[in-house]
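This report describes one protein chain, from its overall make-up to a few selected contacts.

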Amino acid sequence: MIERSRSELGDFLRSRREKLRPREVGLAEGRRRRTAGLRREEVAELAGIGVDWYIRLEQGRSVNPSATTIDALARALRLSRVEHLHLKALTRSGERRAFQTESVPDSLKRMIAAMKQPAYITGRRWDLLAWNKAANDILAFDQLPDEDRNILVSMLTRPAARRLFGAGWADEAKRIVAQFRATHDLWADDPAFRELLQRLRKDCPEFSVWWKSHDVRGTAAGLKRLHHPKKGVLSFEHASFQWNDDPSLRLVIYTPV
């Protein structure tokens, strides 16, 4: 798990370096520049660290950066707050137990069952663990086979999801891929996460391109516009909440607007 996490760390640094333009950090483009992004030595200089040391870090070799170095790299690469936090998490990543699907307490199931708004619960791998009738009426979770009860699988591989989100499907799909990336990189060597990734690559033509960009986003509230086959166009505000008793559980609520 440690070696795989270092590989994800290196890939993340490389993806940010390649996306950053020299002019954004006050450097000349230069005629001999083969790629549009920064060179490794330029990142090292901007961060005030050794070039060889940075190369080892990007190659996923055994290097343990200090908090000061992480902050310097975040500044050099112009990372957003979410990306900075992700970089910190990757450098702290260590051995983990094998992933196991979470269980939802009965009290939490009863709570969402009593809600009038669509609500559902996911785990850290974005598996669908529980939902209420209102959510099923809109998102048809009951119709999913057990192996498809995962937000990423449902959203990225089912034609019904593309129809439901209409013209907004690609933006919504890229958003959840970037959000999932933040968790995946900490579990990259776990068989359950590898299996999910393999399926998404196989069944969603767009996924590999989005995944390669290594974009990372935090969870945030927003607006969804759905095109339901029977109910017509529906608009919802959505928000998500971590369960204090088990932070791996996430409650998502849709509020009609």
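The model is predicted, so local features are given only at pLDDT of at least 70 and side-chain atom pairs only at pLDDT 80 or more, while totals for chains, interfaces and linings use all residues. Residues are numbered from 1 along each chain as its sequence is written, and side-chain values use heavy atoms, with hydrogens and water left out.

**Whole chain**

The secondary structure comes to twelve helices and five strands; these are DSSP runs numbered from the N terminus, helices being H or I with at least four residues and strands E with at least two. Overall values are as follows.

| Property | Value |
|---|---|
| C-alpha span along the principal axes | about 60 × 40 × 30 Å |
| Buried share of the 257 residues | 48% |
| Share of contacts with a separation of 6 or more that join residues 24 or more positions apart | 57% |

Buried means under 20% relative accessible area, exposed over 50% and partly exposed in between, with a 1.4 Å probe and protein chains only. Contact means heavy atoms within 4.5 Å.

**Cores**

A nonpolar core is a set of buried Ala, Val, Leu, Ile, Met, Phe, Trp, Tyr and Cys residues joined through side-chain atoms within 4.5 Å. The largest one has 62 residues, and Y120, F141 and L156 have the most contacts inside it. Apart from this core lies another, of nine residues, including V104, L108, A119 and I253. Beyond its neighbours within four places in sequence, L156 is in contact with R162, W169, A173, V177, L200, D203, C204, F207 and W210.

**Helices 2 and 4**

Helix 2 (residues 40–47) packs on helix 4 (residues 67–76) at an angle of about 120 degrees, their axes being 8 Å apart. Helix 2 is therefore oblique to helix 4, since angles under 35 degrees count as roughly parallel, over 145 as roughly antiparallel, 65 to 115 as roughly perpendicular and the rest as oblique. Axes are lines fitted to C-alpha atoms, for helices over the stretch in contact, and angles run from 0 to 180 degrees between N-to-C directions. V43, L46 and A47 of helix 2 meet A72, L73 and A76 of helix 4.

**H184**

H184 belongs to helix 10 (residues 169–184). This histidine is buried, with a relative accessible area of 1%. Leaving out residues up to four places away in sequence, H184 touches E8, F193, L197 and W211. H184 and N150 are 34 residues apart in sequence and 14 Å apart in space, C-alpha to C-alpha.
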